[in-house]
Amino acid sequence: RIGIASQALGIAQASLEVAADYAEQRLAFGSPISNMQSIQFKLADMACKIDSARLMTWQAAYLKDNKQPFSKQAAMAKLLASEAAT
């Protein structure tokens, strides 16, 4: 599950980077759409979801590395990361 979460995180991070680049290049009403508050909110939401999934994945990996129970955290990481990637 930790591996799946990591893969989903990579997809989510790449999606955020592409979305941010697009928002900088796309013009509406003479300025980049990245200047619009609604777009900024969407990008901020994406970043928050990705960061929370990343932290949960790291926690699960830390627990596994230290031979502690980790299945709950791994399942939570997989859920957060897969939702962040969609």
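Biologist: What covers the buried residues of helix 1?
Modeller: The cover includes strand 2 (31–32), helix 2 (37–65) and helix 3. Helices here are DSSP runs of H or I with at least four residues, strands are E runs of at least two, and both are numbered from the N terminus. It's a predicted model: local features need pLDDT of at least 70, side-chain atom pairs count only at pLDDT 80 or more, and totals for chains, interfaces and linings use all residues. Residues are numbered from 1 along each chain as its sequence is written, and side-chain values use heavy atoms, with hydrogens and water left out.

Biologist: Which residues in helix 1 are buried?
Modeller: Ile2, Ala5, Ala8, Leu9, Ala12, Leu16 and Ala23. Buried means under 20% relative accessible area (1.4 Å probe, protein chains only).

Biologist: OK, helix 2. At what angle do helix 1 and helix 2 pack?
Modeller: About 160 degrees, with the axes 10 Å apart. Axes are lines fitted to C-alpha atoms, for helices over the stretch in contact, and angles run from 0 to 180 degrees between N-to-C directions. That makes the pair roughly antiparallel (angles over 145 degrees).

Biologist: And what's the contact of helix 1 with helix 2 made of, by class?
Modeller: It divides into 16 nonpolar, 4 polar and 2 charged residues. Nonpolar is Ala, Val, Leu, Ile, Met, Phe, Trp, Tyr, Cys and Pro, charged is Asp, Glu, Lys and Arg, and the others, Gly among them, are polar.

Biologist: Switching over, how do helix 1 and helix 3 cross?
Modeller: At roughly 25 degrees, with their axes coming within 8 Å. Helix 1 and helix 3 are therefore roughly parallel (under 35 degrees).

Notes. Angles under 35 degrees count as roughly parallel, over 145 as roughly antiparallel, 65 to 115 as roughly perpendicular and the rest as oblique. Buried means under 20% relative accessible area, exposed over 50%, partly exposed in between (1.4 Å probe, protein chains only). Contact means heavy atoms within 4.5 Å.
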